[in-house]
Amino acid sequence: MSVFLWSPPAGQTFRYHSNSEMEQYLLQINASNPEVTHLYSIGQSVKGQQLWVLALGLSPRRHTVGIPEFKYVANMHGNEVLGRVLLLQLINDLVRGYRDNETWSLQLLNSTPGTHCQYSQGRYRHTQVWAHYRCFLQDFTFHPSPGCDVLQVRAVIGWLRTESFVLSANLHGGALVASYPYDNSNKDSELVDGASVTPDNDVFVHLARVYSHSHASMHRGDRCDDSMPFLEGITNGYQWYPLSGGMQDYNYVWAQCLELTLEVSCCKFPPVRELPALWADNKKALLAFMQQVHLGVKGRVFDASGVPVQNAVVEVKGRRNMCPFRTDQHGEYYRLLLPGKYSFTVKTNTLNVPYGPDNYSAMKHDFLLRRVSADPTQSNLPHANLTPADPTPADPTPADPTPTFLLPQKKILI
């Protein structure tokens, strides 16, 4: 391991930083730690501000097959600033932990590279420009709010199309609660007792509870002066208040990434003297939530020649999503699931899924597709549910998956 001649810049203390100060901090920490950081911009806001992304991990410039991608997003709204402070401090602690060879940081960076932290200028009271929160058009209803920063929204959507994120959270202020999808509704079967329920509702509730119960006080459900009380400090977004064009719905429906909205303080702009205590309240929760990216099962789909299959549909019985979960360009799939037995539709295989976050790795299970006769009368084997990347398939021959089972792997860098 390299020895880093690095110390936090003078501005990296518990205070609020200007955009230029934040930019200088990110540039410095990236230049000083090239092994574990990669700083890049995904575009600009309508005001010309860069939308910075800092990737952290042992392979920060490229995706590592078998390692899930995670992201935090902060400062979506310019007047909800605590999230920005928390993520700057989180970056500082992760890099310091790696430099000092601390096990907790090594585990996270080794098993969750691609931990992306994104910052944007966001919403300002004096301009009434919305960054992303109500501007993601394709959640359910295609009705954006007026005043959306189209440049930022397009930049984020483009970013999501180039990265296969598995788990995510965006940080807000003004309440103390972990909110989960759906935020919106088609007024159909997803409505259950006033909530708009996703096919993965049990996983979302678990994820929200992980953050809430790891937080110093969120789990108590104490209400802020201008908000309702929340049982266990969690809520279904729609049940709290309906919202169209929300980013967490977009992530789940269109990017197969499970995202929560974390409201991390009653005050949108807390006094500077309270920042150290608010970091202490949230630090454990931020780390515990990141670790949940290893929940469930992951693997790859290969064709009969051993070539990874892109765009293969990998669905779990009883969890039919609006947009099916598909393999990425590497043939990878990730499904966050609670421990239990599940049937997958690549072939109806029953998998017994353990709890993965403790080992920093979801269970690994690869599917190998075996070519069979094109004449369905010659075989009674079920067909894989595949959608080719090319709309004109070169070979319509059906295939049948035979799974290769691998035990969960624990990866710790010493």
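Analyst: Gln256, which comes just after H7, takes a positive phi of about 45°. The model is a predicted one, in which local features need pLDDT of at least 70 and side-chain atom pairs count only at pLDDT 80 or more, while totals for chains, interfaces and linings use all residues. Residues are numbered from 1 along each chain as its sequence is written, and side-chain values use heavy atoms, with hydrogens and water left out.

Helices (DSSP runs of H or I, at least four residues) and strands (DSSP runs of E, at least two) are numbered from the N terminus, and the protein chain has 8 helices and 16 strands. Helix H7 spans residues 247-255, and because 8 of its 9 residues are buried, this helix is largely enclosed by the rest of the structure; buried here means under 20% relative accessible area, computed with a 1.4 Å probe on protein chains only. The buried positions are Met247, Gln248, Asp249, Tyr250, Asn251, Tyr252, Val253 and Ala255. Their cover, judged by contact (heavy atoms within 4.5 Å), includes strands S3 (69-74), S5 (165-172), S6 (175-180) and S10 (258-265), together with helices H4 (150-162) and H5 (201-214).

Strand S10 is itself largely enclosed by the rest of the structure, since 8 of its 8 residues are buried. Two strands are said to pair if DSSP finds at least two bridges between them; S10 pairs with S5 in the parallel sense over 6 bridges, whereas S6 and S10 run antiparallel and are joined by 5 bridges. Within these pairings, Leu167 has Leu258 of S10 as its bridge partner, and Ser179 stands opposite Thr261 of S10.

Leu207, which lies in helix H5, counts as buried because its relative accessibility is 0%. Apart from neighbours within four places in sequence, Leu207 is in contact with Leu167, Leu258, Leu260, Phe289 and Gln292. Leu207 and Leu336 are separated by 129 residues in sequence and by 10.0 Å in space, C-alpha to C-alpha.

H7 also belongs to the elements, with S1 (37-44), H4, S5 and S12 (332-335), that each supply at least two residues of the lining of the largest pocket. A pocket is an open set of points on a 1 Å grid over the protein atoms alone, where a 1.4 Å probe fits and protein lies on both sides within 12 Å along at least five of seven lines, and lining residues have an atom within 4 Å of a point. The largest pocket is lined by 43 residues, of which Leu160, Arg161, Glu163, Ser164 and Asp328 lie nearest its centre. Its lining draws at least three residues from each of domain 1 (19-294) and domain 2 (297-368), with the bounds coming from an automatic or database domain assignment.

For the chain as a whole, buried residues make up 55% of the 414 residues, and residues 24 or more positions apart account for 74% of the contacts with a separation of 6 or more.

Terms used: Buried < 20%, exposed > 50% of the residue type's maximum accessible area, 1.4 Å probe, protein only.
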